[in-house]
Amino acid sequence: MEHRLVNLCTMLAKPKETVSDAEQISRLRASQSPIAISLSRCPKWSSLDPLQFKGYWDNEVMGILLNNGSTAYFTFESEVKPILRGGPLLGEYIFEQMHFHWSVDNFSGCEHLLDGQGYAAECHFVHYNSKYESMEAAVGHSDGLAVVGFLLEAVDAPNPRFDKLVQGLEVIKKSEHSVRVTSESLAWMESDDLQEGNYVTYKGSLTTPPYTECVTWIIYEKPIQVGNEQLGLLRELQGPDSIPIERNVRPTQRHPPGHSVIYVKQVHEAKNLKSKL
Ligand SMILES: [Zn+2]
């Protein structure tokens, strides 16, 4: 009898299939976004593939920075777009646009909250899954979009890596105004933290209408420091009524039962190994 029990336990412990970390994340239940995240309550994973950003700040292509009346909105002019892969993502995601959220002060301008901490602004890099024809087609699928979010912390000293973007913001104060900018406008995102920094990931939604639950969110834990005056330029952008856009942040949403957020510790060794492949 004892012998049979041991055999049964061995059988139960054996996984029926090998499921990758990214596959497990793709099967998580989605929630509305943004959410308040308590890092200590998140399962911690360190075995995911490193995130890989290709062709963002270092290509020769020009981009357009537009004041669309609700945010500053960056797109590339070229058909060749940056590619994001790795981490919690299955397959490749194509960069579509980058935009900002902000508010009236330096603590309520971010959409996501990590351990209750608010920041001056949040920047979103929106990508769509390359297996779909377009951004519009991708929004209809639970694996349609991947959005990388950076929290922006206000500090006294300007961040020189934001200079190119700031030059663009200075000439698009009026709604529907736009300016051609170089890919250097994205230079501020490049850092060791991009490859090695910790982030949280979860299945969520767009934070603007129609709030579709089609997004794999990747939010970096460490905020990027930006000068007070540089952040002030976001708050000077005007809406269609020629009044500065005060606030374009969606409040945090309730977690549904069984919803999971994964806290990912990126591993340095894993990056070196993968870059050789
Ligand atoms: Zn956004």
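Student: When do two strands pair, and how are strands named here?
Tutor: Two strands pair if DSSP finds at least two bridges between them. Helices (H or I, at least four residues) and strands (E, at least two) are DSSP runs, and their numbers count from the N terminus.

This is a predicted model: local features need pLDDT of at least 70, side-chain atom pairs count only at pLDDT 80 or more, and totals for chains, interfaces and linings use all residues. Residues are numbered from 1 along each chain as its sequence is written.

Student: How many bridges join β4 to β5?
Tutor: β5 covers residues 72-76. β4 and β5 run antiparallel. Gly63 stands opposite Phe76 in β5. The bridges joining β4 to β5 number five.

Student: Which residue in the turn between β4 and β5 has a positive phi?
Tutor: β4 and β5 form a hairpin. Four residues lie between them. The phi in question is about 95°, and it belongs to Gly69.

Student: What is the bridge partner of Leu66 in β11?
Tutor: β4 spans residues 62-67, and β11 spans residues 178-182. They pair in the antiparallel sense over five bridges. The partner of Leu66 is Ser178.

Student: Which residue in β7 is the bridge partner of Phe74?
Tutor: β7 holds residues 93-102. Two bridges join β5 to β7, in antiparallel fashion. Phe74 has as its partner Met98.

Student: Where does the β6 and β7 hairpin have a positive phi?
Tutor: β6 (residues 83-87) pairs with β7 in the antiparallel sense over two bridges. Five residues lie between β6 and β7. The phi of about 80° is at Gly91.

Student: How many bridges join β7 to β9?
Tutor: β9 covers residues 121-129 and runs antiparallel to β7. His101 has Glu122 as its bridge partner in β9. The number of bridges is nine.
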